[in-house]
Amino acid sequence: MNKTINQKAWFFVIPVFVLVAFNAIIPLMTVVNYAFQETFGNNVFMWEGTRWFKQIMLSERFHASLGRQFLFTFIILFIQIPLGIAIALTMPKEGIGVPICLVLMSMPLLIPWNVVGAMWNIFALPDIGFLGYSLNALGFDYNFTQQIGDAWFTTILMDVWHWTSLVVLLSYAGLQSIQPAYYQAAEIDGASRWAVFTKIELPKMKKVLTIAILLRFMDSFMIYTEPFVLTGGGPGNATAFLSIDLVKMALGQFDLGPAAAMSLIYFFIVLLVCWVFYTLMMRNEGNQ
Amino acid sequence: MAKITLKDLSHSYLKTQSSDADWAVRDVNIDWEDGGAYALLGPSGCGKTTLLNIISGLINPTKGDILFDDKMVSNLNPVERNIAQIFQFPVIYDTMTVYDNLAFPLKNRKIEEDKIKAKVHEIAEMLELSSTLNNRASGLTADGKQKISLGRGLVRSDVNAIMFDEPLTVIDPHLKWILRSKLKELHQKINRTMIYVTHDQTEALTFADQVVVMHEGQIVQTGTPVDLFEKPKHTFVGYFIGSPGMNLLPCEFKGGDVMLNGKKIETHTKVKSNNFSKTEIGVRPEFINFSSEGIPVKVLSVSNTGRHKIVDTQSQSGKIKMIAKTSEDIPSGSAFLSFKKEYTYAYGDDWIIE
């Protein structure tokens, strides 16, 4: 096919370009600016080269928060993906139950992050919260503001409550798109329930699950508001995930240079993991 | 292998039924002889697929019994009934190879590995899939995938029947012919009962020894392609089969005679009863000739198909189509038609009068 060459077409790209420039490129360049220089205010900057990057890369504090971040993300993925699929499998396929389940499932997704944090904070308070009080009444020594294990448990429980629905809805959509003939053929072939799941349902859900895992990875890797409201990163630094630590450094200590360098490293980690993940998924696709 | 009998079978998807239209399948009584090649022919929505799913056990009928060799199977599931079914679009297991796809029904039945291997290779040979056995099934073309679906039915040597639910729908036209001949060939080779659902009369008539025609949930006629053509037992069979279909003209029954516009028409059989709300005379275009006297018509148009001429005429009782030889001269304007007596039938309330 012959393409018409018309340079005027660039004109139509300008609005998008301007938009992207203002909401992404220019703010990002400010961060890049801070990452390579030292400033004491008054718009005075001194060139520092890669010093902040070296400092962050070698800092134990960064390693610790990065480790916590990966641990948190893996735990919630490990719980939410199987749990989401399991719930989607048990949801009704037709009838009045469908809209009821869908509405119930979407509810947690509609609540703003800081409200979720506040809700769970109150819910889990050991002396007045329903969860905290009940656990203590049952004989558990539960206090998420004091004990590291309890803080992690509560944060993970909150995230599972808030976001499993997303996996459920995506998986459900994937399941609903499977033609009934597949189940009928499997029935005639004498396939067990497990075989139906592994040979039909799981392969057919692959695309939506890829999206679910990517979305849940990114969201949980960049989580800020909910744990900030729930635990504030505490006790100590026990639940200070990357973004909480970053904000502490940038706004709490006003270390703009290291914070900017950390932001860029953070950004590249997210980008890298997403890219690796996506490429692996797509390569499998090509083999088929 | 078995004879399959359906007895007083009716099925409705509704909880309560008030009229005939609420039944997807009603009052079906039929024997499928062991080893027969049957076509189940009818328009979309006539209940063909429902009937098929009832036989295979995917649907439990509202009323009636299913017997395999006079043994009740109504309460058995598809695996216990040992039926193979091929669906409208190819069903394959995406993540498995062609080999694993074909072996799947056998593995589920816990058959020994070396027996599976022999059987899969035999079937792959038959279906010309041998060269692709180690490929991923999802990479094949539509007809290749449909062959896999078919193969999964064939690997089990003890199936009672193989059922096809419009299996060529997604296949390219030039491959349809090849696959259809393949099916016919397979039937001769393995001699298993095959039931082939379709809405395409060519497909049905070329595949089957016996064609079962369904209309609004009922079986209206079972017979060889020639039976259906020469003696349609129901007006639906008359106009659904044949191209163009049977001419059906409103008429009157008077004292045993069939009167078309006050003129007596000779038919295959005499009419005895008069208790019909709808009375029609039916004759196929192939069995009409021009003559010097008979039914007065006006010739409207002539179209030459190459093989023959289709002539549209207008009579006082309605339009009549007839087929003439290409060499025949077609009168223009007014003419007279005569019907061949032995192929002219009287229908009362859509059913033939015999």
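Visitor: How many residues does the contact take from chain B and from chain A?
Guide: The contact takes 24 residues from chain B and 18 residues from chain A, where contact means heavy atoms within 4.5 Å. This is a predicted model, in which local features need pLDDT of at least 70 and side-chain atom pairs count only at pLDDT 80 or more, while totals for chains, interfaces and linings use all residues. Residues are numbered from 1 along each chain as its sequence is written, chains are lettered from A and ligands numbered from 1 in the order in which they are written, and side-chain values use heavy atoms, with hydrogens and water left out.

Visitor: What area is buried between chain B and chain A?
Guide: About 1,800 Å², with carbon and sulfur atoms giving 63% of that. Buried area is the accessible area (1.4 Å probe) that two parts lose on being put together, summed over both.

Visitor: Which residues in chain B lose the most area to chain A?
Guide: B:F87, B:F89 and B:Y93, which together make up 25% of what that side buries.

Visitor: And how many salt bridges are there between chain B and chain A?
Guide: The count is 2, taking a salt bridge as a side-chain nitrogen of Lys or Arg within 4 Å of a carboxyl oxygen of Asp or Glu. A:K204 forms a salt bridge with B:D94, and their closest N and O atoms are 2.9 Å apart.

Visitor: Which elements of chain B each supply at least two residues of the side that touches chain A?
Guide: Those are α2 (78-81), β6 (83-86) and α3 (98-108). Helices (H or I, at least four residues) and strands (E, at least two) are DSSP runs, numbered from the N terminus.

Visitor: Switching topic: in what order do the 5 strands of the open sheet in chain B come?
Guide: The order is β16-β20-β17-β18-β19, with antiparallel pairing; two strands pair if DSSP finds at least two bridges between them.

Visitor: Which are the edge strands?
Guide: β16 (288-291) and β19 (318-325) of chain B, each pairing on one side only.

Visitor: How many bridges join β17 to β18 in chain B?
Guide: There are 6, between residues 295-304 and residues 308-315, and the two strands run antiparallel. Within that pairing, B:N304 has B:K309 in β18(B) as its bridge partner.
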